[in-house]
Amino acid sequence: MNGRVDRLTFLGTGDAMGVPRVYCECEVCEEARSGGTNRRLRSSVLVEGIEGDFLLDCGPDWRTQMEMINRRADITDVIVTHAHFDHIGGLPEWADACRWQQLKGRLFAPQEVLDAIGKQFPWISSYIELIANDQGMELNGWSITPWKVHHGHNGYSYAYRFEKNEFAWVYCSDAIGLDEEQKKPMHMLDLLILGTSFVREEAEYHTRSVYDMYEAAELIDEVVPSETIYTHMSHQVDLREDLNLAASVSIARTGMTVDLGNYSSLLSE
């Protein structure tokens, strides 16, 4: 950290199955299987700042992601978007790391998400404090507001709006078909991070759960963020291709970092 602004790092940019999918031999999965540019762990980001660090989501690739950045499980604050496995599957390993290090982790999420996590992992509160954030929260200088969003066939998720030093950004990894009320916190943003599992998804709409890139472009035209980054991508998205994105839109890649302050560029590492 340079000590001036907080920094976000994409640890995972994949959908629920990640890329490659173990059963798949498509061109994207084969390229990813050989360590190519399309290799994607399950979606998660790390936010680092001089006041502290935290993770957004803790999926089943958590251990690999921590080894990747050589943090070795010293991050003790995690914010969770919803209780689906690809966003909470790493919680048992994180809890075990807290136990071994004699640390008490802090897990922040709306109460109904915490309740679902508690039912799935009833022992986890012995090592991690479960803290409801329905009314918003302050963490490391960030004012953080969660709100419920449509997750299509998969029910619901939560998006988060972060504000600090006149910089505002939103993380919305799992959503589709937001209504006008759900779109309101997405206005007046410096940065929108949005899940887009497909370039163009052909499945019946009622079976779907995340925006595709065409639908995301329509949402962006409505809320007009200064910059947008797509994440939560399936094996249908080939980063070697020209995806015909607007000038203000880019694609998240593993290890890519973004300054959360005087936002002017994306830095790939």
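Good morning. Arg 7, Glu 48, Asp 53, Arg 71 and Asp 74 are joined in a network of salt bridges, a salt bridge being a side-chain nitrogen of Lys or Arg within 4 Å of a carboxyl oxygen of Asp or Glu. The model is predicted, so local features need pLDDT of at least 70 and side-chain atom pairs count only at pLDDT 80 or more, while totals for chains, interfaces and linings use all residues. Residues are numbered from 1 along each chain as its sequence is written, and side-chain values use heavy atoms, with hydrogens and water left out.

Let me stay with charged pairs. Side chains of opposite charge can pair when their charged atoms come close. The structure holds 21 salt bridges. In one of them, Asp 77 meets Arg 106, with the closest N and O atoms 2.9 Å apart. Asp 77 belongs to strand E4 (residues 77–79) and Arg 106 to strand E5 (residues 105–109), so the pair ties together parts that are 29 residues apart in sequence. Helices (H or I, at least four residues) and strands (E, at least two) are DSSP runs, numbered from the N terminus.

Are these two side chains buried or exposed? Asp 77 counts as buried, at 7% relative accessibility, whereas Arg 106 is partly exposed, at 31%. Buried means under 20% relative accessible area, exposed over 50%, and partly exposed in between, with a 1.4 Å probe and protein chains only. Another salt bridge joins Arg 240 and Asp 238, with the closest N and O atoms 2.9 Å apart. Here Asp 238 is buried at 8%, and Arg 240 is partly exposed at 46%. Asp 15 and Arg 21 also form a salt bridge, at 2.9 Å from N to O, and both of these residues are buried.

I turn now to the sheet. Seven strands form an open sheet in the order E7-E8-E9-E10-E11-E12-E13, with mixed pairing; two strands pair if DSSP finds at least two bridges between them. Strands E11 (residues 191–195) and E12 (residues 227–231) pair in the parallel sense over five bridges, and Leu 192 has Thr 228 as its bridge partner in E12. Helix H7 (residues 213–223) lies across E11, E12 and E13, running at about 155° to E12. Axes are lines fitted to C-alpha atoms, for helices over the stretch in contact, and angles run from 0 to 180 degrees between N-to-C directions.

Which residues of the largest nonpolar core touch the most other members? Among its 49 residues, they are Ile 79, Phe 162 and Trp 169. A nonpolar core is a set of buried Ala, Val, Leu, Ile, Met, Phe, Trp, Tyr and Cys residues joined through side-chain atoms within 4.5 Å. Helix H4 (residues 91–101) supplies the largest share of this core, five residues. A second, separate core of 27 residues includes Val 149 and Leu 239.

Finally, Cys 24 sits in the loop between strand E1 (6–12) and helix H1 (27–33), and at 12% relative accessibility Cys 24 counts as buried. Not counting residues up to four places away in sequence, Cys 24 touches Cys 29, Glu 30, Arg 33 and His 235, where contact means heavy atoms within 4.5 Å. Thank you.
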